[in-house]
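Here is a short briefing for a first look at this structure. Keep the 3D view open while reading.

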Amino acid sequence: MRTGSIGSRRTDSPSADGRPPRRGLPKSAARVALGLALLAVPATAVATTAAPAEHHAPAAAPHAPAAARAATGLDDPAKKEIAMQLVSSAENSSLDWKAQYTYIEDIGDGRGYTAGIIGFCSGTHDMLELVELYTKRKPDNILAKYLPALREVDGSDSHEGLDPGYPKDWKKAAQDPEFQKAQNDERDRVYFNPAVERGKSDGIGVLGQFAYYDALVMHGDGDDETSFSSIRKRALAKAKPPAQGGDEKAYLNAFLDARVWAMQQEEAHSDTSRVDTEQRLFLKKGNLDLHTPLDWKVYGDGYHIG
């Protein structure tokens, strides 16, 4: 399990291969490890193009009962694809989340290598778990030989035993559908599935479940004050979720307030646009089910899902 407070993975300089900067991939404290079924992301993609966020504003969603909203969850294939693109807009400045399987670089944040669709790190245990899973499924894979080194550098920013070949071999492994599936499965096990389960139990709909997922991706879960559980606890002190008889919009506003507070505790998280001009925007429009079209901005860049 990952432990300790971890800061932002945001970097504003292009990577060595000319890719856009990877943005906002922090996970603080221990990760969630719930025994939930692993789900691979469906290939059904929603047509997307980057566009100014002012265009095609969605109509307000109908005010269905909270229980009905929770029944159609973020794990619906089309909604899950939207979630992957929303997160990628904040973390990769792109809606093409599938292009991130091959991503790997050390962005100088003290976590060693950051890689893959959710920012697995050599210094924070989840990269080790990912390569262990991949090796369990495919013992002769190109990354298996790095497992001893990954165990040694876990918890540090060291590259010892990984350089110079690891980045090249990661990119080669990322062409393998089995490694892509392993990335999907670890993302779901640690972040996506727990967020959806917790959101459904709180009676919140698709937008709320996404807010939980995005918070888990950035902050992880654990006992420190900026973890997902602490953010939720802070929100519960202000408003009740629908499962406890509360108003969904009031509760989600309280959760987003708590999320912004947690982000502001670290300088690297001071840009809260992924909440302010994305999630809060959808909430203000009453779009509790993330109906398309969706238009939003992150770091000043506009995006559109039609």
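**Helices H2 and H10**

In helix H2, Leu86, Ser89, Ala90 and Glu91 meet Arg274, Glu278 and Phe282 of helix H10. By class, this contact of H2 with H10 has three nonpolar residues, one polar residue and three charged ones. The model shown is a predicted one.

- H2 spans residues 77-92, and H10 spans residues 273-284.
- The two helices pack at an angle of about 165°. Their axes lie 11 Å apart.
- Angles over 145 degrees count as roughly antiparallel, so H2 and H10 are roughly antiparallel to each other.
- H2 and H10 cross in a right-handed way.

**Helices H6 and H7**

- Another helix pair is H6, residues 177-201, and H7, residues 206-219.
- H6 and H7 pack at an angle of about 145°. The distance between their axes is 8 Å.
- The crossing of H6 and H7 is right-handed.
- On the H6 side, the contact includes Arg187, Tyr191, Phe192, Pro194 and Ala195. Val196, Arg198, Gly199 and Lys200 of H6 also take part.
- On the H7 side, the contact residues are Gln209, Tyr212, Tyr213, Leu216 and Val217.
- The contact of H6 with H7 divides into nine nonpolar, two polar and three charged residues.

**The three-stranded sheet**

- Strands of a sheet pair through backbone hydrogen bonds, either parallel or antiparallel.
- Here, three strands form an open sheet in the order S2-S3-S4. Their pairing is antiparallel.
- The edge strands are S2 (104-105) and S4 (120-121). Each of these pairs on one side only.
- Strand S3 covers residues 114-115, and two bridges join S3 to S4.
- Thr114 has Cys121 in S4 as its bridge partner.

**The S5-S6 hairpin**

- Strand S5 (residues 294-298) and strand S6 (residues 301-305) form a hairpin.
- Their pairing is antiparallel and runs over five bridges.
- One of the bridge pairs is Asp295 with His304 in S6.
- Two residues lie between the strands. Tyr299, in the turn, has a positive phi of about 55°.
- Is strand S5 largely enclosed or exposed? Four of its five residues are buried, so S5 is largely enclosed by the rest of the structure.

Key: Residues numbered from 1 in each chain as written. Predicted model: local features only at pLDDT ≥ 70, side-chain atom pairs only at ≥ 80, totals over all residues. Heavy atoms only, no water. Pairing = 2+ DSSP bridges. Buried < 20%, exposed > 50% of the residue type's maximum accessible area, 1.4 Å probe, protein only. Axes fitted to C-alpha atoms, helices over the stretch in contact; angles between N-to-C directions. Parallel < 35°, antiparallel > 145°, perpendicular 65-115°, else oblique. Left-handed = near helix turned anticlockwise from the far one by under 90°. Contact = heavy atoms within 4.5 Å. Nonpolar A, V, L, I, M, F, W, Y, C, P; charged D, E, K, R; others polar.
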